[in-house]
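Hello,

The structure you asked about is below. My notes follow it.

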Amino acid sequence: MNTPCTEEKKRIILDQETKMANRLALMVLEKPEPPFWASFIPMVFVFYAHKLKQYSSGLDEFAHNYLTLRRNALESAMAAKMADSVVNVDKLLENAGDMPPPAKPHYLRWITLLTAHYLLLLNSQGNCHATLVRSGYENKAAYQSFCACFIEAEQDFNLALLPGIEGEAQDLFEVVQKMNMGIASLTLHEAEMIFPPDTQALKSAS
């Protein structure tokens, strides 16, 4: 089997991030549930059909916005890989747009961890996301350690952004908390899927 080129690894990473974004959107956004009798009343049915359309558009918009900073981070990691240099995180901060000053150090910590992870995967061997991760990280414990640090950094960054967002503070806090819990759940579940017990046993024996 041919070893994927760097561009193919980049596509694999982005595909995985897109899947995670779509799953997170389903966890954060509440799907409108029409009552069973709605289909018998045309105007009520039309109302819920419209709400479902808005929900579908909201899922796409959420995933798109969630991926924006990750796309930029991946492009920067790719550029660093091709130039055999370090990622310019200060440039990423500059391109991230306005954010509350207290959020900037949290962003820098988060984006540094993310670009280092991407760069590690781009330098690893594998033909899918799971094999790239297993190649890049020594074992499940090492990957879980990264995940724990990354989850904490992303949660801190998301919370630090709240003061700069317009809206009801409590509602925004609840949405961010739901998002943070979703990210943690998806990330930890992914680690379990990438390093199942039989894979760990085979890697230890080799």
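Leaving aside its neighbours within four places in sequence, which residues is Asn158 in contact with? They are Val176, Met179, Asn180 and Ile183, where contact means heavy atoms within 4.5 Å.

Before the rest, the basis: this is a predicted model, in which local features need pLDDT of at least 70 and side-chain atom pairs count only at pLDDT 80 or more, while totals for chains, interfaces and linings use all residues. Residues are numbered from 1 along each chain as its sequence is written, and side-chain values use heavy atoms, with hydrogens and water left out.

Asn158 is found in helix H6; helices are DSSP runs (H or I, at least four residues) numbered from the N terminus. Asn158 counts as buried because its relative accessibility is 9% (buried means under 20% relative accessible area, with a 1.4 Å probe and protein chains only). Its side chain makes a polar contact with the side chain of Asn180, at 2.9 Å (a pair of N or O atoms within 3.5 Å, one able to donate a hydrogen and the other to accept it; residues adjacent in sequence count only if both atoms are side-chain atoms).

The largest nonpolar core has 34 residues, and Tyr107, Trp110 and Tyr143 are among those with the most contacts inside it. Such a core is a set of buried Ala, Val, Leu, Ile, Met, Phe, Trp, Tyr and Cys residues joined through side-chain atoms within 4.5 Å. Its largest share, eight residues, comes from H4. Apart from this core lies another, of 13 residues, including Val28 and Ile183.

Regards

Note on methods
Buried means under 20% relative accessible area, exposed over 50%, partly exposed in between (1.4 Å probe, protein chains only). Helices (H or I, at least four residues) and strands (E, at least two) are DSSP runs, numbered from the N terminus.
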